[in-house]
Amino acid sequence: MLSAAQHAAYDRDGFIVVPNVFSAAEIDELRRVTDEFVRNAASVSANDEIYDLEDSHSPTEPRVRRLKAPHLHHPAYFRASRNHNAVAILKDLWGSVRFDTGKLNMKSAGYGAPVEWHQDWAFYPHTNDDLAAVGIMLDDMTMENGPMLVVPGSHKGPIWDHHGPNGRFCGAMDPANLAKGGGGIDLSKAMPCLGKAGSITVHHVRAVHGSATNFSGRERRFLLFQYRAADAWPLLGFPGGIEKFDELLLAGAPTLEPRLAPVPVRLPLPAAEHQGSIYENQRASGRRYFETAAAALQPVAAE
């Protein structure tokens with residue numbers, strides 16, 4: 001259960017960090033499983049249904065930036081997605097909880113890729129915005145290893161355009177346009193989500209967030225699962241049908257009456273040019289706010 005102060009912080013800022021949700025034993029198991037997946041990536045040469053690879057990936061030095069839907073590929077991840085403590089926190093916020101999907105973002109020491117500023121809501125709008133992502137810290141998150149940054153209060157603001165210059169969805173906001181038109185957002189006020197391994201973050205689906213490249217010598221692996229209230233229904237539909245949709249219910253009762261809330265929506269259409277993950281989507285944006293490892297290695301031209 002959340003304290004009154006945690007409830008207030010989530011409502012005010014759009015995110016909270018909750019310590020000690022996962023035990024040391026649970027985190028150790030998740031790390032071991034993750035290390036095994038990374039080792040097995042040596043036999044993978046391109047992005048597939050499990051792996052999203054760093055641009056510098058090679059068979060001799062496997063580099064993974066994301067595991068896609070990890071809960072479908074190992075029981076340890078599946079158990080983490082149904083963690084009693086995490087589900088209880090969400091039930092405390094909404095009264096009911098339905099699972100959506102997950103991913104494991106890995107910012108490896110020295111080169112872990114950044115994630116540009118975005119709102120999750122831009123990817124999967126629903127009939128109401130009682131949705132959040134829970135991030136499980138598999139490593140300590142510090143200022144140095146590329147923690148998630150969230151702009152407090154941005155979950156109560158507009159839905160920003162996540163389309164690229166070609167008019168297609170690209171999953172990234174344009175930093176150059178954020179301050180225009182009187183409805184700007186001050187990215188300098190973004191707050192880092194810091195904590196020890198075993199802590200979780202909960203961030204609102206409309207909160208503006210991103211993360212920088214991990215230039216440190218420490219790993220930063222972040223297991224993220226998406227959840228929604230039982231009466232929040234995806235506007236783009238659910239291809240598995242109502243039976244499969246209700247199988248994802250973790251707390252509360254199923255319903256055939258979606259709750260319609262007056263929340264702003266911009267559909268992620270036309271679909272992204274590069275499908276597969278947010279990293280692939282954002283390739284088409286043609287703009288960068290966070291420096292990449294490759295860019296940092298480029299020689300500086302003499303003046």
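Mentor: Two strands count as paired if DSSP finds at least two bridges between them. Helices (H or I, at least four residues) and strands (E, at least two) are DSSP runs, numbered from the N terminus. This is a predicted model, in which local features need pLDDT of at least 70 and side-chain atom pairs count only at pLDDT 80 or more, while totals for chains, interfaces and linings use all residues. Residues are numbered from 1 along each chain as its sequence is written, and side-chain values use heavy atoms, with hydrogens and water left out.

Trainee: Which residue stands opposite Val115 in β10?

Mentor: The general idea is that strands of a sheet pair through backbone hydrogen bonds, either parallel or antiparallel. Here Val115 has Ser211 of β10 opposite it. Two bridges link β5 with strand β10 (residues 209-211), in the antiparallel sense.

Trainee: In what order do the four strands of the open sheet stand?

Mentor: The order is β5-β10-β7-β8, with antiparallel pairing. At the edges are β5 (115-118) and β8 (191-192); each has a single partner strand, so one side of each is left without a neighbour in the sheet.

Trainee: How many helices and strands does the chain have?

Mentor: The chain has seven helices and 12 strands. Its radius of gyration is 19 Å, close to the 19 Å that the globule rule gives for 303 residues, so the chain is as compact as a globular protein of that length. That radius is taken over C-alpha atoms, and the rule is 2.2 Å times the number of residues to the power 0.38. The C-alpha trace spans about 60 × 50 × 40 Å along its principal axes.

Trainee: What percentage of the contacts with a separation of 6 or more comes from residues 24 or more positions apart?

Mentor: A contact means heavy atoms within 4.5 Å. In this chain, 82% of the contacts with a separation of 6 or more are between residues 24 or more positions apart.

Trainee: What share of the 303 residues is buried?

Mentor: Buried means under 20% relative accessible area, exposed over 50%, and partly exposed in between (1.4 Å probe, protein chains only). By that scale, 52% of the 303 residues are buried. The accessible surface of the chain is about 13600 Å², and carbon and sulfur atoms hold 55% of that surface. These areas come from the Shrake-Rupley method with a 1.4 Å probe; for residues, only the protein chains shown count as cover.

Trainee: How many of the residues of β4 are buried?

Mentor: Nine of the 11 residues of strand β4 (residues 97-107) are buried, which leaves the strand mostly covered. The partners of β4 can be taken in turn. Strand β11 (residues 220-228) is joined to β4 by eight bridges, antiparallel, and Gly102 is opposite Phe225 in β11. Strand β3 (residues 64-68) and β4 share three bridges, also antiparallel; there Lys68 has Lys103 as its bridge partner. Strand β12 (residues 249-251) is joined to β4 by two bridges, again antiparallel, with Arg98 opposite Leu249.

Trainee: Which residues point one way from β9, and which the other way?

Mentor: Ile200, Val202 and His204 point one way, Thr201 and His203 the other, and all are buried. Strand β9 (residues 200-204) is thus mostly covered, with five of its five residues buried. Strand β1 (residues 15-18) pairs with β9 over four antiparallel bridges, where Val18 has Ile200 as bridge partner. Strand β6 (residues 131-137) pairs with β9 over five antiparallel bridges, and Ala132 is opposite His204.

Trainee: Which residues are joined by a cis peptide bond?

Mentor: Most residues other than glycine have a negative phi, and most peptide bonds are trans. The cis bond here joins Leu269 and Pro270, with omega about -10°. Pro270 is in the loop between β12 and α6 (278-283).

Trainee: Is Asn20, with its positive phi, exposed or buried?

Mentor: Asn20 has a phi of about 60° although it is not a glycine. Asn20 lies in the loop between β1 and α2 (24-40) and counts as exposed at 69% relative accessibility. Ala69, also not a glycine, has a positive phi of about 45°. Ala69 is in the loop between β3 and α3 (75-81), and counts as buried at 15% relative accessibility.
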